[in-house]
Amino acid sequence: QPGWWRWRKAAALVTFGKKADEPPPPPVEPVSSVRGTKPDFWKLAKHAQKIKSIPPSPKRASYPPLAQEQQKDPEDPTRIYWDMTFVFPVKKEKKDDAEEPKSDFQQALGDMKAAVKKRLKKKKKHQFDHTDFIGKVTAAGLVTSAYLSIQKDEIYVRVGATHERLCIQADNINFPTPLDEDRLRLVCEAGLPQYQIEPMKIPERTPPEDGEKTFSRFRAYQHINGKYDTSEELAPLYRRTHEHTGFRGDNSQERTLFNSMRRLKLMWSCINDEPSLGGAGVAVEKRVQQKKILAALAMHNQRERKALYEHWVRASIFTLPSRIDLQGMLPFCCDCYLEGMPLEAYKEYFGEKQGLLMAFKAHITTGYLMMSLFGIVVMLWWANTGSITGDGSVFIYACVVGLWSVLSMESWRRQERELALKWGMVGFEAQQARRPQFKG
């Protein structure tokens with residue numbers, strides 16, 4: 001039967017089957033039995049899961065202010081690092097407009113339509129919102145704090161993690177952490193009997209009969225990254241760096257285990273990874289693409305940002321783009337170099353990807369500086385001779401430019417591999433997750 005005929009038949013049954021003075025039927029009494037009704041265990045399990053995911057009330061959970069948190073020791077297990085903020089949209093509630101009074105026929109027809117629609121309507125999937133996010137993140141061991149915007153159209157959820165929680169997550173995902181060179185040498189020479197590791201000593205030079213030549217430009221225990229472990233024997237091996245590490249080559253001051261960038265990586269892992277790895281199982285990039293999350297923001301560290309501004313933005317105009325080691329150029333110079341921009345500090349604050357980008361820009365700028373000097377010499381030669389094509393200088397200039405382009409790219413490949421070794425990025429592509437926008 002066509003759709004209009006079903007609606008007409010339903011309205012006729014409701015209208016003509018109703019008497020004016022007939023009282024409404026009494027409610028049906030539940031059938032009593034000895035054991036009662038059979039419980040729906042599936043619904044009970046779903047309700048228990050919902051109750052478990054309910055976040056604590058913000059009135060009950062109170063956290064100390066940021067100024068008080070910053071006064072704690074950086075490796076205090078209870079110190080909370082508020083490093084990320086997520087923005088959620090506010091659900092728009094449907095406004096019921098003032099309706100005109102309806103007759104009995106219109107009211108009955110509307111009730112019948114609503115009943116049929118409710119019966120035929122498919123069950124909607126649960127919509128992801130900020131309450132679900134807070135519940136999953138809280139279950140993963142993180143702390144949250146939610147705020148409503150002034151315009152009341154966005155909800156800001158601030159997410160933090162204690163130092164102890166970051167250490168646990170680093171152990172769960174085998175987070176690569178730089179090892180201290182001196183302490184690693186002492187441990188290797190002493191050995192670890194509890195792990196069945198015998199003492200070992202790695203030489204850095206060949207035997208005297210072979211001339212005592214170095215095996216590599218790097219020392220044996222230099223630039224080594226190891227998987228993080230919370231055991232008491234291995235925890236002291238990891239390098240504690242000052243919050244301003246990398247500025248002017250100052251890496252001697254030990255201050256904290258995880259700087260702001262490493263904390264962001266660990267917190268991102270706590271939110272995105274599956275519960276089997278200690279995460280909350282929230283695919284942030286996918287939710288951002290679905291507009292369920294408007295933005296995922298990483299908070300700035302004011303002290304690191306200020307120090308980076310002083311050394312990077314306010315650097316002298318005579319500062320070289322990158323550091324130049326003179327050890328390979330001058331045989332008599334053992335540890336000589338020309339200081340450049342603090343690329344190490346830039347990497348520590350913005351990450352390895354942005355650090356490689358700035359390193360490439362510094363490398364190509366240095367190459368342009370050398371070519372500019374050669375170009376000035378050629379231009380002065382042309383101005384002196386008064387001829388450009390007569391003496392073959394254009395051919396020589398073109399050959400030098402072509403040779404420079406090839407050597408510049410080959411030297412960058414060597415520098416890129418060297419930076420990947422220093423920054424612990426070897427094999428990074430195998431650990432990189434696939435983008436949610438990728439289809440194939």
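I started with a helix pair: α10 (residues 302–313) packs on α11 at an angle of about 150°, with the axes 11 Å apart. Helices here are DSSP runs of H or I of at least four residues, strands are E runs of at least two, and both are numbered from the N terminus. The axes are lines fitted to C-alpha atoms, for helices over the stretch in contact, and angles run from 0 to 180 degrees between N-to-C directions. That makes α10 roughly antiparallel to α11, a label for angles over 145 degrees.

Before going on, I noted that this is a predicted model: local features need pLDDT of at least 70, side-chain atom pairs count only at pLDDT 80 or more, and totals for chains, interfaces and linings use all residues. Residues are numbered from 1 along each chain as its sequence is written, and side-chain values use heavy atoms, with hydrogens and water left out.

Next I looked up who touches whom. From α10, Glu304, Arg305, Leu308 and Trp312 meet Leu343, Ala345, Tyr346, Tyr349 and Phe350 of α11 (contact means heavy atoms within 4.5 Å). I sorted these residues by type and got seven nonpolar, no polar and two charged; Ala, Val, Leu, Ile, Met, Phe, Trp, Tyr, Cys and Pro count as nonpolar, Asp, Glu, Lys and Arg as charged, and the others, Gly among them, as polar.

Glu344 and Lys347 form one, at 3.3 Å, N to O. The two sit three residues apart in α11 (residues 343–350), so about one helical turn separates them. Glu344 is partly exposed at 28% relative accessible area, while Lys347 is buried at 6%. The cut-offs are under 20% for buried, over 50% for exposed and in between for partly exposed, with a 1.4 Å probe and protein chains only.

Then I searched the whole structure, which gave 16 salt bridges. One of them joins Asp83 and Arg263 at 2.9 Å, N to O. This pair links distant parts of the chain, with Asp83 in strand β1 (residues 80–89) and Arg263 in helix α8 (residues 260–272), 180 residues apart. Asp83 is buried at 8%, and Arg263 is buried at 5%.

Notes
Salt bridge = Lys/Arg side-chain N within 4 Å of Asp/Glu carboxyl O. Parallel < 35°, antiparallel > 145°, perpendicular 65-115°, else oblique.
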